[in-house]
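Subject: A structure for you to look at

Hi there,

I am passing a structure on to you, and I hope you enjoy looking through it. Please open it first, and then read my notes below.

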Amino acid sequence: MQDKKLVCKDCGEEFEFSEAEQRFYQERNLSEPKRCKACRDKKRANNEKNDNKKYAA
């Protein structure tokens, strides 16, 4: 297995999907990431912010 180059569906930038990451995803039966790390982090932060709004009194 070799490192793969993937394209982020949000920003369109190419990012590396390393051999170790591929094994990690494969062991857990996960599909390949569709977003680069920066966009995943941004999406996660946005989701957490929205979740906090749901539970605000």
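Which residue takes a positive phi in the hairpin of β1 and β2? G12 does, with a phi near 80°, and the hairpin has 6 residues between the strands.

Before the rest, a word on how to read these notes. This is a predicted model, in which local features need pLDDT of at least 70 and side-chain atom pairs count only at pLDDT 80 or more, while totals for chains, interfaces and linings use all residues. Residues are numbered from 1 along each chain as its sequence is written, and side-chain values use heavy atoms, with hydrogens and water left out.

**The overall picture**

The protein chain holds 2 helices and 2 strands. Here helices (H or I, at least four residues) and strands (E, at least two) are DSSP runs, numbered from the N terminus. Starting from the N terminus, the order of the elements is β-β-α-α. The chain is more spread out than a compact globule, because its radius of gyration is 14 Å, well over the 10 Å that the globule rule gives for 57 residues. That radius is taken over C-alpha atoms, and the rule is 2.2 Å times the number of residues to the power 0.38. Along the principal axes, the C-alpha trace spans about 50 × 25 × 15 Å.

Of the 57 residues, 19% are buried. Buried means under 20% relative accessible area, exposed means over 50%, and partly exposed is in between (1.4 Å probe, protein chains only). The chain exposes about 4,800 Å², and carbon and sulfur atoms supply 46% of that area. These areas come from the Shrake-Rupley method with a 1.4 Å probe, and for residues only the protein chains shown count as cover.

**The strands**

Strands β1 (residues 4-7) and β2 run antiparallel and are joined by 4 bridges; two strands pair if DSSP finds at least two bridges between them. Across the pair, L6 stands opposite F15, and V7 stands opposite E14.

**The aromatic rings**

F17 leads on to the rings. The structure holds 2 aromatic pairs. Rings of Phe, Tyr and Trp (its six-membered ring) pair if their centres lie within 6.5 Å, and planes under 30 degrees apart count as stacked, over 60 as edge-to-face and the rest as tilted. F17 and Y25 form an edge-to-face pair, 5.2 Å centre to centre with 90° between the planes. The pair of F24 and Y25 is also edge-to-face, because the ring centres are 6.0 Å apart and the planes are at 65°. Together, ring pairs link F17, F24 and Y25 into a cluster. F17 counts as buried at 3% relative accessibility, as does Y25 at 17%, whereas F24 is partly exposed at 40%.

**Helix α1**

Q22 sits in helix α1 (residues 19-27), and with 9% relative accessibility it counts as buried. Apart from neighbours within four places in sequence, Q22 is in contact (heavy atoms within 4.5 Å) with M1, Q2, D3, K4 and F17.

**The salt bridges**

There are 7 salt bridges in the structure, each a side-chain nitrogen of Lys or Arg within 4 Å of a carboxyl oxygen of Asp or Glu. One of them joins D10 and R35, with the closest N and O atoms 2.7 Å apart. D10 lies in the loop between β1 and β2 and R35 in the loop between α1 and α2 (37-55), so this pair ties together parts that are 25 residues apart in sequence. D10 is partly exposed at 45% relative accessibility, while R35 counts as buried at 17%.

E19 is partly exposed at 30%, and so is R23 at 39%. Another salt bridge brings R28 and E27 together at 3.3 Å, N to O; R28 is partly exposed at 45%, and E27 is exposed at 60%. Finally, K37, D41 and R44 are linked in a network of salt bridges.

Best wishes
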